[in-house]
Amino acid sequence: MIRIVIAEDQGLLLGALGSLLDLEPDMKVVGKAKNGEESLALVKQHNPDVCVMDIEMPIKSGLDAAEELKDHPCKIIILTTFARAGYFERARKANVSGYLLKDSPSEELANSIRVIMDGRRVYAPELVDLAYNDENPLTEREEQVIKLIAEGKNTKEIANQLFITNGTVRNYVSVILDKLEVSNRIEAISRFKEKGWFR
């Protein structure tokens with residue numbers, strides 16, 4: 001019997017997923033979590049074979065929880081609406097066994113769980129294409145700058161924190177806007193976030 005924990009912050013979907021998987025003759029849902037924090041507790045409590053996890057959940061995201069469970073024997077499957085290259089990249093680094101999209105047919109989830117229990121990985125095909133087409137264009141230094149902008153720091157504060165001049169910060173900002181093909185800092189942050197590139 002494959003023992004499963006599901007983490008999903010939308011109650012209706014959580015219930016539906018639980019019922020669907022419980023209908024499978026070789027599967028049993030042993031825990032349901034509404035956020036990443038609860039999923040960690042349930043995995044530690046029940047030691048399931050598989051944890052099916054949404055990404056965007058309150059308190060702790062599915063990716064944060066997956067990173068914490070990286071060395072746990074439980075296999076992690078990300079089930080999300082977000083086909084974003086940055087999320088996929090983070091999930092792969094966290095060693096998740098599967099990354100599926102919520103608009104996949106329901107029987108696909110059960111089949112994917114069986115395939116993953118056989119020691120293979122399952123990634124939605126859309127993501128594999130994305131991962132190769134959509135690399136983060138920013139250098140490490142440019143990433144530091146955009147993170148500080150996202151924290152609400154102004155040019156002078158960024159310059160002080162990174163030990164560079166105000167002019168250098170302005171140069172970085174214009175390169176960032178150029179690379180992300182946006183016209184201002186707010187658009188840059190939302191584009192960077194949308195792509196899932198914030199680590």
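A search of the whole structure finds zero disulfides (a disulfide is a pair of cysteine sulfur atoms within 2.5 Å). This is a predicted model, in which local features need pLDDT of at least 70 and side-chain atom pairs count only at pLDDT 80 or more, while totals for chains, interfaces and linings use all residues. Residues are numbered from 1 along each chain as its sequence is written, and side-chain values use heavy atoms, leaving out hydrogens and water.

Cys 51 is buried at 0% relative accessible area, and Cys 74 is buried at 5%. Buried means under 20% relative accessible area, exposed over 50%, partly exposed in between (1.4 Å probe, protein chains only).

Cys 51 also belongs to the largest nonpolar core, which has 27 residues. Such a core is a set of buried Ala, Val, Leu, Ile, Met, Phe, Trp, Tyr and Cys residues joined through side-chain atoms within 4.5 Å. Cys 51, Met 53, Ile 76, Ile 78, Val 96 and Tyr 99 touch the most other members. A second, separate core of 18 residues includes Ile 2, Val 52, Ala 110 and Ile 116.

Now to helix 9, residues 166–180. Helices are DSSP runs of H or I, at least four residues, numbered from the N terminus. Val 169, Val 173, Ile 176, Leu 177 and Leu 180 are buried in helix 9. They cover an arc of only 95° around the axis, so they lie on the same side of helix 9; the arc is that of the directions from the helix axis to the C-beta atoms. On the other side of helix 9, Asn 171 and Asp 178 are exposed.

Key. Helix = DSSP H or I, 4+ residues; strand = E, 2+ residues; numbered from the N terminus. Expected span 1.5 Å × (residues − 1).
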